[in-house]
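This report goes through a few features of one structure. Please look at the sequence and the model before reading on.

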Amino acid sequence: DPKPIVYAPRSIRSVQWPAKASEVAGLMYTIPGLGPFCYGCPTPEAREEAPVRLDWRWRPGRVDANLESKTGQYVVFSETGSRGWRATVDDRPATIYLVNGMFQAVWVPPGLHRVAWRFREPGFFVGLVAAACGVVALPILPWAWRRLARS
């Protein structure tokens, strides 16, 4: 079944990081029967299935979700993991776990909580400084080139 961008799966299996690339393919083929998996996620204690209320809003670089759960729940954001993503639960930093080899999950404790993902490009300011240097150098280069040619 296709999943929405943000969803709360009934369960997630915790697995070890694969030693070989071929083991990843094996894990992917288990998803239909055994459900989603997570590398090194803490596994919650066995619990009753309880209704979960989840609503979310997506904007570029920003996802906000509200989750109400009686037992605690993982919330999965179907966006590939990247160094630029940060997550919070009730405005406190949260650990992002890798689900199904590529997506992001956050553990949310029991109760009503606000989950937020934010993206900031890690190299944005470096690129901005490089572009500014290029703009400044552009009018200077012809002058410097002529001076070097005369020497």
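## The disulfide

C41 is buried, with a relative accessible area of 5%; buried means under 20%, exposed over 50%, and partly exposed in between, using a 1.4 Å probe and protein chains only. C41 forms a disulfide with C38, the two sulfur atoms being 1.6 Å apart; a disulfide is a pair of cysteine sulfur atoms within 2.5 Å. The torsion about the S-S bond of C38 and C41 is about 55°, so the disulfide is right-handed.

C38 is buried, at a relative accessible area of 0%. The whole structure has 1 disulfide. C133 is partly exposed, with a relative accessible area of 48%.

## Basis of the values

This is a predicted model, in which local features need pLDDT of at least 70 and side-chain atom pairs count only at pLDDT 80 or more, while totals for chains, interfaces and linings use all residues. Residues are numbered from 1 along each chain as its sequence is written, and side-chain values use heavy atoms, with hydrogens and water left out.

## The open sheet

An open sheet of 5 strands has the order β4-β5-β11-β7-β8, with antiparallel pairing; strands are DSSP runs (E, at least two residues) numbered from the N terminus, and two of them pair if DSSP finds at least two bridges between them. β4 (52–59) and β8 (92–94) stand at the edges with a single partner strand each, so one side of each has no neighbour in the sheet.

Strands β5 (residues 62–69) and β11 (residues 111–119) run antiparallel and are joined by 8 bridges. L67 stands opposite H113 in β11.

Key. Helix = DSSP H or I, 4+ residues; strand = E, 2+ residues; numbered from the N terminus.
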